[in-house]
Number of protein chains: 2
Amino acid sequence: MSYIQPKTLSGFMELLPKEQILFNKIKNTIKSNFEKFGFLPLETPVIESSEVLLAKAGGETEKQIYNVVNGEFKEEKKLSMRYDLTVPLAKYVALYYDKLTFPFKRYQIEKVYRGERPQKGRFREFYQCDIDIIGNENLSVLFDGEIPCVMYNIFKELNLGDFSINISNRKILKGLTQALGIEDKTAEILRTVDKIDKIGIEKVEEILKDDFSISAENIEKLMNFISISGSSDEKIAKLENLYDNELYVQGVTELKTVVENMKKNGIDENSFEINLSITRGLDYYTGTVYETFLKNNKNFGSVCSGGRYDNLAEYYTNKKLPGVGMSIGLTRLFDLILKNNLLQTQTNSITKVLIVPMTQKLDECLALARALRKNNVSTEVYLDDTKFKNKLTYANKLAIPYVVIVGEDEIAGKYYTLKDMQTSLQTQYNEKEIINFLSK
Amino acid sequence: MSYIQPKTLSGFMELLPKEQILFNKIKNTIKSNFEKFGFLPLETPVIESSEVLLAKAGGETEKQIYNVVNGEFKEEKKLSMRYDLTVPLAKYVALYYDKLTFPFKRYQIEKVYRGERPQKGRFREFYQCDIDIIGNENLSVLFDGEIPCVMYNIFKELNLGDFSINISNRKILKGLTQALGIEDKTAEILRTVDKIDKIGIEKVEEILKDDFSISAENIEKLMNFISISGSSDEKIAKLENLYDNELYVQGVTELKTVVENMKKNGIDENSFEINLSITRGLDYYTGTVYETFLKNNKNFGSVCSGGRYDNLAEYYTNKKLPGVGMSIGLTRLFDLILKNNLLQTQTNSITKVLIVPMTQKLDECLALARALRKNNVSTEVYLDDTKFKNKLTYANKLAIPYVVIVGEDEIAGKYYTLKDMQTSLQTQYNEKEIINFLSK
């Protein structure tokens, strides 16, 4: 018989059990923090009608869409796979508007799909972990101070080393370009300035001059502005009263409120900074913007980004739905964690105890297993008939911390022998004692 | 501006937040029981190379496959979406064979895709919750008694009413047809007999006679055999010594062992039964087979099925990998739960307490929120500036059980007013007391 070679497509992450256990722990940390702030869970289909999914897309994104060819049931509609979780959220809020409670706080941790060319650190199937707060007509800017606090708690708990949540407000730079009379080039300037971290200041200056004909004087003003330094309070003090353009003033006021609330929410000064050069490429954002960097892996780029937008679902409804959100690209982050060994996989087993029968009599083993599981202890019974050594090897390979040995002596004497796999120490316990010990 | 109508495709389940909370609880019950038995988590890509995915498929299944048209990156391979979790498991075990520890116990709770015609109770995207134990060359039949025990614990905990795990062994009916000299029609007989629950005994007898030319005498023997009655012990006693065909005897012996171990594993007699008419349509199964019925919804069909197979990955490798597994079709089951109101949604909120600021001063509110979240209490602060009544409405709509009111009096007196939303009772607490109360 000829075999088909088993393979997994490149750009699709597939983990070994130990890695998957670690991945799930991280995912669970993210989820439990989202829930601690009262975000509601949401799942949406992977496949949507192309018309709905591509209402807004275009350019690069549209090129990367995976389209789906129906099976048996040929639907008239064209079908596509979601490429982010924001468009499905917009559809969802527009569709169920009457049934939702606003402000609508939801989290969504699911996979999305982009058929791009596979390259280092890029995935074609990847997890996004999104939180968004959607208002009905209005949404207080105070929420812009809460969203990064959720992410702060997550990155603190994940313990990946120092990180910095970079924050800015697009209205400030937009107001500035109005004040400088180069308002018509705002989009180009924002997009160019956003690249400072990637291509450097000089290259940005060159593009502004050559491609967009910004005067030397204005480039200097822009660059001076972006390089304002100091603590967050000092930066805000410097920004205040610099220009009296309305949009500019509004942006600075919002930034000040957000920063104040980030502090009140417990974010330490060391873990965030005002960075006027970040603007997020997307036109979508209209106020606060965030990017998050791991200080020891700055070149990796942002691990958690987002911002404020005026109108979530403008393609689907006339309801005005402002919102603010952030997203963790979990698959990409996990890839970094694995490759750079950012987390010690302290414990990588699911099972806490393996019960090893030494005779054909299973009653005592199965009864103990039931009692342990009732006490929420993950328990396996080794049921295959093989040498004792092989059974211990199984426990070792899976990093199971304890083995319970049940032989004839144990059955006759009504006790269990517990072996600590790390110390090799063996202790005898009766049933009650062993359950107490293992369910600690 | 013209709007695109927001829509979700039929056959794709999309839930409101309250429903999603319930769904997640059920999913979590399933997951935590899987882990309590030491099953390792696994996730595989939704998209696989068609060649790999369709190695085994054919007939109806192949017609229902969703194919994927690449995005920007035109891969030479054809791509398809997985239609179950068994084929990806087979690929996975063949691919990572050297890195896995056997017996390999894994669970996988993920969505699969079938592009079939939408109809009542059928989904085109649905969750499967699979457990399998894969042996290397050999796998003790004792595991066949463990797998239904995992499912038993889940259905007990889900509390959906009485259920029955039906169990049989395909070798028995196969051995019987050998003994009757109608061995060449075994597949047809098994498939027909499997339909008894759906089409009734008379119709089955008719098909056996008309379509497969089974003699009246043999049909009677088959039917007598299938309708053997009594407790599981009585059934086994009746089966033993009825025929001396080798395969038959082996099947009865296995069934006896499995039933004994199901009992030792704590499955009560009321929750399982030997049912010789179930054979699982698929040729795939070679020994023990299971189907599970909710006693109050028998017409709904099996909610959890599976069985023993000789060779998991025969299309990918020459390694012999026998296994046993069961699967819950969660999306379909959840649909039944919702439509028949099988579960009271006792609590359908994520948030335990909503903190309501009555002044512009947020410090006390945010500090309390931080302290509560540190104690794992899901906490929201109402940040939008609106009437008190609206804030309480928000809590009511989301079924948040407690509201903390923080007004000028509270700030001055350093206390908090806690309102129980169910009784409307208000109590004053200091910070320590309120944290103690809410983190109980």
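Is A:K209 buried or exposed? I looked it up: A:K209 is exposed, at a relative accessible area of 54%. My cut-offs are under 20% relative accessible area for buried, over 50% for exposed, and partly exposed in between, with a 1.4 Å probe and protein chains only.

Ground rules. I am reading a predicted model, in which local features need pLDDT of at least 70, side-chain atom pairs count only at pLDDT 80 or more, and totals for chains, interfaces and linings use all residues. Residues are numbered from 1 along each chain as its sequence is written, chains are lettered from A and ligands numbered from 1 in the order in which they are written, and side-chain values use heavy atoms, with hydrogens and water left out.

Confidence. pLDDT is the predictor's confidence in each residue, from 0 to 100. I noted an average of 92 for chain A, with 97% of the residues scoring at least 70. For the complex, the predictor gives an ipTM of 0.94 and a pTM of 0.95.

Salt bridges. I counted a salt bridge when a side-chain nitrogen of Lys or Arg lies within 4 Å of a carboxyl oxygen of Asp or Glu. The count over all chains is 46. A:K209 pairs with A:D210 in one of these, with the closest N and O atoms 4.0 Å apart.

Next I checked B:K111. Its salt bridge partner is B:E125, at 3.9 Å between the closest N and O atoms. This pair links distant parts of the chain: B:K111 sits in strand β5 (residues 104-113) of chain B and B:E125 in strand β6 (residues 125-134) of chain B, 14 residues apart. I took helices (H or I, at least four residues) and strands (E, at least two) as DSSP runs, numbered from the N terminus. Both B:K111 and B:E125 are buried.

Which residue does B:R308 meet in a salt bridge? I found B:D144, at 2.7 Å from N to O. The two are 164 residues apart, with B:R308 in strand β10 (residues 304-309) of chain B and B:D144 in helix α5 (residues 143-158) of chain B. B:R308 counts as buried at 9% relative accessibility. B:D144 is buried too, at 0%.

I also found a network of salt bridges that links A:K27, A:K111, A:E125, B:E43, B:R82 and B:E110.

Interface. Twelve salt bridges run between chain A and chain B. One that I looked up joins B:K264 to A:D363, at 3.3 Å from N to O. On the side of chain A that touches chain B, helix α1 (residues 17-36) of chain A gives the largest share, seven residues. For contact I used heavy atoms within 4.5 Å. By that rule, 109 residues of chain A are in contact with 109 residues of chain B. The area buried between the two chains is about 9700 Å², taken as the accessible area (1.4 Å probe) that two parts lose on being put together, summed over both. Carbon and sulfur atoms give 59% of that area.

Last entry: B:F126. I located B:F126 in strand β6 of chain B. B:F126 is buried, at a relative accessible area of 13%. Leaving aside neighbours within four places in sequence, B:F126 is in contact with B:E110, B:K111, B:V112, B:R114 and B:T331. B:F126 and B:Y83 are 43 residues apart in sequence and 9.5 Å apart in space, C-alpha to C-alpha.
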